[in-house]
Every structure is written in structure tokens, then in C-alpha cells.
Amino acid sequence: MSDTIPVKAVYAHLDSMLAGLDRLKKAGISGWSTTAPLPRHEIEEAVYEGRPSPVRWWTLVGAITGICTGLLLESLSMSDWPMINPGGKPVVALPPFAIVMFEPTVLGGAMFTLIGMFVHAGLPSFFLDKAIADPRFTDDKFGIVFPRAPVSDKDKIIEILKGSGAIEVTSGADTHYEVPNA
Amino acid sequence: MSATNDTAVPGLNGEPNRPSLYGAANRDIIRVLFKPSALWFFAWALAIATMSWGGYCWYYQITWGLGVAGITNPTFWGVYIVNFVFWVGIGHAGTLISAILYLVRSRWRTGVYRASEAMTVFAVMTAGIFPMLHLGRVWQVYWFFPYPNQRQLWMNFKSPLMWDVFAISTYFTVSAVFFYIGLIPDMAIVRDHSTGLLKKIYGVACLGWRGTNRQWRHFMAAYGFFAAFAAPLVLSVHSVVSWDFAMANTAGWHSTIFPPYFVAGAIYSGCGMVMTLLIPMSYLFKWGDYVNNWHYNNLAKMCLLTSGILTYAYGMEYFIAWYSQNPYEQAIFWWRMTGDYAWAFWLMVFCNCVAPLPMYWSKVRHNPAALFVISIFINIGMWMERFNIVVSSTAHSFDPATWANYWPTWTEFGVTVGAFGWFSFWFLLFSKTLPGVAITEIKEMIAPPVKGGGAH
């Protein structure tokens with residue numbers, strides 16, 4: 001027998017879920033994950049307390065990579081045939097190059113943002129804990145899920161979750177709920 | 001099961017009523033999926049038929065060469081380029097609505113942005129075919145792309161045609177990714193409403209999305225950055241397309257007004273096409289709670305604004321032709337108005353400057369049938385505008401000895417019609433397989449269920 005157990009609480013109300021979250025934090029219990037059918041700033045503030053997502057660094061690096069790639073592609077390929085002198089105009093000319101520098105900036109920034117989102121959000125994630133795979137969470141219910149709660153904390157966690165107004169608290173194999181939404 | 005009006009709550013700030021429950025939004029949008037009606041099958045069959053006809057015309061052209069198209073000296077840019085610019089323009093409204101209106105927190109975008117984004121992706125897919133058609137030898141299509149100095153080519157990064165390759169491919173990639181990112185939480189909803197194979201397919205497509213705090217946090221951060229990147233792209237892509245013309249020293253094209261003029265035209269045609277698609281879609285799918293007069297009214301106002309900009313630009317072109325005292329400019333603009341293509345010019349003026357005017361009346365903006373009719377005029381007008389620009393300037397260039405009129409052949413007509421079939425094929429498929437309204441964002445407009453109050 002393992003010494004961890006999944007615990008899942010289903011909430012019908014956002015404020016009850018936030019109350020449960022607050023009590024868990026005050027009791028010093030970690031290892032939970034919230035789930036919601038939509039992004040709510042209250043949840044983000046409660047969980048992350050205003051710390052911004054690190055995805056922005058990916059965006060910055062992607063954009064810088066893009067602009068450098070654009071400039072290098074243009075200036076190196078244009079300079080590769082130096083015998084061509086286009087009417088005395090400079091071979092490497094920044095004003096017209098700005099356009100092809102702009103496009104890879106956007107492309108690089110966007111693609112790195114995508115990768116950054118996947119890395120930090122843990123996507124794709126096809127091998128999920130069954131406790132979190134509850135169809136009600138994309139419908140209209142909020143949830144607090146412990147994929148692996150220590151067995152020793154189980155009773156305390158269940159007490160807090162029930163006390164905060166969860167409409168259903170399950171643990172162990174009972175957390176598995178797969179009935180599709182009607 | 002569907003949301004009923006008795007559960008609806010009043011909207012804020014003049015917005016329409018909307019369902020009071022998250023679950024209702026799920027069911028209303030998903031119920032139309034996977035159950036194609038006879039009408040849908042008829043429309044899809046029609047789309048496939050026209051697409052196949054276009055495909056045959058292309059096959060005919062590949063077999064016999066570009067000579068079967070009407071493009072010849074002096075008009076080498078015929079309706080293939082007209083169609084290219086037209087479809088890129090159509091593709092503009094989607095990203096405008098999804099990105100720029102997201103950044104300015106315009107709430108009416110929620111109901112219409114998913115379908116507009118789909119329209120953008122399919123329109124750019126359609127536009128992308130035309131340079132290949134125009135190329136003639138389509139098997140050399142890889143020559144479009146800048147392999148630096150391979151094949152003894154000297155890549156000219158000062159050419160607007162090269163800029164266009166970068167602009168269109170970036171625009172398509174970013175729009176398609178933005179479309180997909182927005183779909184992730186909604187495809188998870190479809191997964192959780194289905195069983196068997198569908199559940200598996202949508203489970204993979206949504207990348208195993210579960211809406212955890214970690215996923216939402218990075219998703220929302222990334223979404224904001226995508227919107228921020230897509231916003232300048234909207235303005236840049238059609239500016240670059242306009243430089244395909246404006247950078248050339250051709251009378252009627254060589255003008256600094258082209259970028260804003262083209263961007264305004266693109267947004268005008270795109271919003272027109274959004275109305276053409278969404279008015280029947282919302283009616284047939286009974287999505288009155290989600291896409292309704294409030295959205296049409298706002299789309300109509302966008303069209304009015306951009307129609308005004310276009311009218312100003314048309315007028316300004318004539319003013320500058322007169323004011324510059326450049327005889328070539330004056331000749332081409334006079335010829336556009338009175339020459340062999342005057343019918344295209346006046347049709348353009350009617351559709352783009354006159355037909356939208358009734359939308360100044362609030363009653364017209366709140367009448368979907370009237371807006372649908374006007375949106376058809378907008379589509380025709382914007383196609384004519386591109387025809388007018390592309391064909392007239394090359395047919396009557398500087399040397400009168402080279403003048404010759406251009407008229408598309410049946411091959412070009414066939415491909416033009418086929419492009420509408422290709423676009424409709426994808427859009428109809430989208431309407432039955434993916435949520436046509438962004439369910440998650442609709443939920444964001446619904447007050448969250450609370451026990452004790454305090455949240456908003």
C-alpha cells in the first residue's frame with residue numbers, strides 16, 4: 001500500500017472553493033491543484049499572489065532571436081554576392097530590411113511563447129491522475145484536487161474541504177469520475 | 001438541452017441578456033456539432049462541387065500552361081492577384097477582432113471572434129493558393145522561399161514580393177496558432193461532453209487540458225502575448241501587400257496612401273465577410289443568446305468607419321492626381337473612371353461608398369437581413385476594388401503602344417469560383433466540428449456562481 005492517496009473536492013461555488021484554498025494555505029498543507037472551467041483572477045491571485053508567469057521571458061528571447069535571424073538572413077545573403085552593386089545603393093540597407101526583421105520577430109516571439117506555455121503549463125499531458133480527470137470541471141464546477149496527498153494528512157484535508165462547502169469530497173478510488181456531461 | 005431565456009440575466013452596459021449558467025453555454029454551443037442537417041450537406045456538396053471545378057481548371061492550366069489564362073502583355077497581374085489580395089484582405093477581420101479587440105477589452109468580440117478567426121485561417125489558406133496558380137509551373141513553388149543564395153539566386157530583400165512571402169507566411173502561422181490556442185479549453189469541453197472515439201480525438205486535440213491553476217496561469221499569459229504580437233501583424237500584412245503595388249513606379253499604384261488605404265479596405269471586407277457568415281450561422285444554429293444584434297451593430301459600425309476611410313482614400317487619390325500635375329497619374333485615374341473598366345470602378349464606388357450608408361440608421365444596424373444584403377455588396381465592392389487597381393494600371397501603362405485590355409478566361413473564372421468553394425468547404429467543416437463561439441470566454445462574461453456574494 002502506498003503512503004499517498006488522491007483526494008478530490010468538487011465545489012459549486014467559486015467563493016467556497018477560495019475559502020477552502022485559504023484554509024488549506026493557513027493549515028500549511030501543500031500538494032493541491034485547483035481546477036476551474038474558466039480563468040478567474042481570484043484563483044490566480046490566491047494561488048500565485050501576483051507573481052507573473054515566466055512565459056514572458058520566452059516571449060522576449062523568441063522576439064530577440066527572431067529579429068537577429070531576420071537581420072542575419074538578409075545581410076549575409078545580400079553580402080554573399082558582393083560584385084552586384086545596385087546602382088550605388090548600399091547592399092545592406094536597414095530601412096527596407098526592417099520589414100523582414102519585423103516578421104521573424106513576431107514569428108519568433110509567438111512560437112517561443114507557445115513553447116514556453118507548453119513547458120510551464122505541462123502540456124500536452126495525456127497521462128493524468130484520474131482524480132483530476134473529472135468532466136464536471138470543464139462544465140460548471142470548481143475543484144481542489146490532491147493527486148497524491150499523504151495518507152497521514154487525509155482526514156485533516158477532508159475536514160477542511162468539507163468544512164469550506166464542497167458539494168462532494170472523495171478519496172482513493174472514489175475520486176475517479178468519468179460520466180460525460182449531458 | 002439548451003439555455004432558455006427564463007434563465008437569462010440582463011447584460012451590463014447595454015449588452016444583451018445572456019445565459020446565467022456556465023453549463024448552459026457549454027450545451028448551447030456544443031449541441032450543433034456532429035449533427036449535420038440536410039441543408040448543411042447540400043451546402044457542403046455545393047462547396048465540394050465548385051472546389052472540384054476550380055481544381056479541374058487548375059489542372060487544365062498545369063497541363064496546357066499559363067497561356068490558357070487571360071494574363072498576357074501588358075497585364076501580367078490578372079484575377080489571380082486580384083483574388084490573392086481579396087482573400088488576404090478577408091483574413092484581416094479575424095485577427096483584428098481576436099487580437100486588437102482583445103487588447104482593448106472590447107466585450108462584443110467574445111461572441112464573434114472564434115468564427116472570425118476560423119474565417120481568417122481559411123481565407124489565408126485560400127489566398128496562399130493564388131501565387132502558386134499565378135506561378136504557372138507550380139512544381140517550382142519552393143522558389144518562393146529564400147534559401148540563401150542556393151541555386152545561384154541572389155535573394156533581393158529590398159523587393160516587396162520577398163517581404164510579402166515573409167508577411168503572409170508569418171501571418172498564417174501566427175493566426176493558425178492563435179486560433180488553436182484559443183480552441184484548447186473549448187476542445188476539452190467537447191471531450192467532456194462526448195464518449196468513445198470522439199472523446200479520444202478531442203482529448204488528444206486539447207492536449208489533455210484540465211483547467212488547473214497552473215494551466216490557466218500560463219495560458220492566459222501566453223494568450224495576452226499572442227494578442228500583442230498578432231495586433232501589429234494585422235496592420236503590417238496588408239501594408240506589405242499594398243507595397244507590392246506602391247513600390248512599383250506604375251501610375252495609379254505609386255502612392256504613399258496605399259498602406260492605410262489597404263488596411264482599411266481589408267478590415268472593411270473582413271467585417272463584411274464576418275457578417276455574411278455569422279448572420280446565417282447564428283440564425284440556423286439558434287445562437288441568439290450569443291451572437292445577436294449587439295454584435296451585428298458593432299460590426300456594422302466597423303464597416304461604416306472603414307468605408308469612410310476608403311471613400312476618403314478614393315477621393316484623395318483623385319485629388320493628388322490633379323494636384324501633382326503628373327500627366328500619367330491624371331490619365332490613369334481619368335481612364336479608370338471613364339474608360340473600358342469604368343463599370344468596375346463605379347460598381348466599386350457604389351458598393352464601398354454608397355451601399356454601407358444606410359447603416360448610419362440604427363434600425364438598419366439592428367436588422368440582420370438588411371445587414372446581410374449590405375455585407376454581400378461589401379464583398380463584391382472589395383473584389384472590384386482590387387480588380388480596378390490591379391488591372392487598370394497595367395492595361396494602360398506609360399506607353400500607349402503597349403495598351404491592351406485584359407479579360408479573364410474561363411479558367412480564371414473557374415478558379416475564382418473554386419476558391420469560394422474551397423473556403424466554404426473548410427468553414428462548413430469547422431461549423432460542425434469545433435465550437436463556433438468561444439465557450440470559455442462566454443463563461444467569463446457570466447457572473448460566477450457564489451454562495452455568499454463578494455466575487456464578481
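Between chain A and chain B, 22 residue pairs are in polar contact, both members of each pair being at pLDDT 80 or more; a polar contact is a pair of N or O atoms within 3.5 Å, where within protein one atom must be able to donate a hydrogen and the other to accept it, and residues adjacent in sequence count only if both atoms are side-chain atoms. The model is predicted, so that local features need pLDDT of at least 70 and side-chain atom pairs count only at pLDDT 80 or more, while totals for chains, interfaces and linings use all residues. Residues are numbered from 1 along each chain as its sequence is written, chains are lettered from A and ligands numbered from 1 in the order in which they are written, and side-chain values use heavy atoms, with hydrogens and water left out.

On the side of chain A that touches chain B, the elements giving two or more residues are α1 (14-26), β2, α2 (41-48), α3 (55-79) and α4 (94-121) of chain A. Helices (H or I, at least four residues) and strands (E, at least two) are DSSP runs, numbered from the N terminus. The most is given by α4(A), with 19 residues. By residue class, this side of chain A divides into 45 nonpolar, 18 polar and 12 charged residues. In this division Ala, Val, Leu, Ile, Met, Phe, Trp, Tyr, Cys and Pro count as nonpolar, Asp, Glu, Lys and Arg as charged, and the others, Gly among them, as polar.

The contact (heavy atoms within 4.5 Å) draws 75 residues from chain A and 65 residues from chain B. The size of an interface is often given as the accessible area lost when the parts come together. Here the area buried between chain A and chain B is about 6,100 Å², and carbon and sulfur atoms give 67% of this area; the value is the accessible area (1.4 Å probe) that two parts lose on being put together, summed over both. Within chain A, the residues that lose the most area to chain B are A:Pro39, A:Glu103 and A:Thr138, which together make up 10% of what that side buries.

One salt bridge is found across the interface of chain A and chain B, a salt bridge being a side-chain nitrogen of Lys or Arg within 4 Å of a carboxyl oxygen of Asp or Glu. The side chains of B:Arg27 and A:Asp139 meet in a salt bridge, with N to O at 2.7 Å.

The side chain of A:Thr35 reaches the backbone oxygen of B:Arg210 at 3.0 Å.

Strand β2 (residues 33-35) of chain A pairs with β3(A) in the antiparallel sense over three bridges; two strands pair if DSSP finds at least two bridges between them. In this pairing A:Thr35 stands opposite A:Gly143. Strand β1 (residues 4-11) of chain A also pairs with β3(A) in the antiparallel sense, over seven bridges, and A:Lys8 stands opposite A:Val145. Strand β3 (residues 142-150) of chain A is mostly covered, with seven of its nine residues buried.

Over all chains, the whole structure holds 13 salt bridges. In one of them, A:Lys8 is joined to A:Asp134, the closest N and O atoms being 2.7 Å apart. Because A:Lys8 lies in strand β1 of chain A and A:Asp134 in the loop between α4 and β3 of chain A, the pair ties together parts that are 126 residues apart in sequence. Both A:Lys8 and A:Asp134 are buried. A salt bridge also joins the side chains of B:Arg191 and B:Asp192 (3.0 Å, N to O); B:Arg191 counts as buried at 3% relative accessibility, and B:Asp192 counts as buried at 1%. Salt bridges that share partners join A:Lys8, A:Asp134, A:Arg136 and A:Glu168 into one network.

In chain B, B:Thr126 is placed in helix α5 (residues 109-135). B:Thr126 is buried, its relative accessible area being 0%. A polar atom of the B:Thr126 side chain lies 2.6 Å from the backbone oxygen of B:Phe122. Beyond its neighbours within four places in sequence, B:Thr126 is in contact with B:Trp87, B:Ala419, B:Trp422 and B:Phe423.

Notes. Buried < 20%, exposed > 50% of the residue type's maximum accessible area, 1.4 Å probe, protein only.
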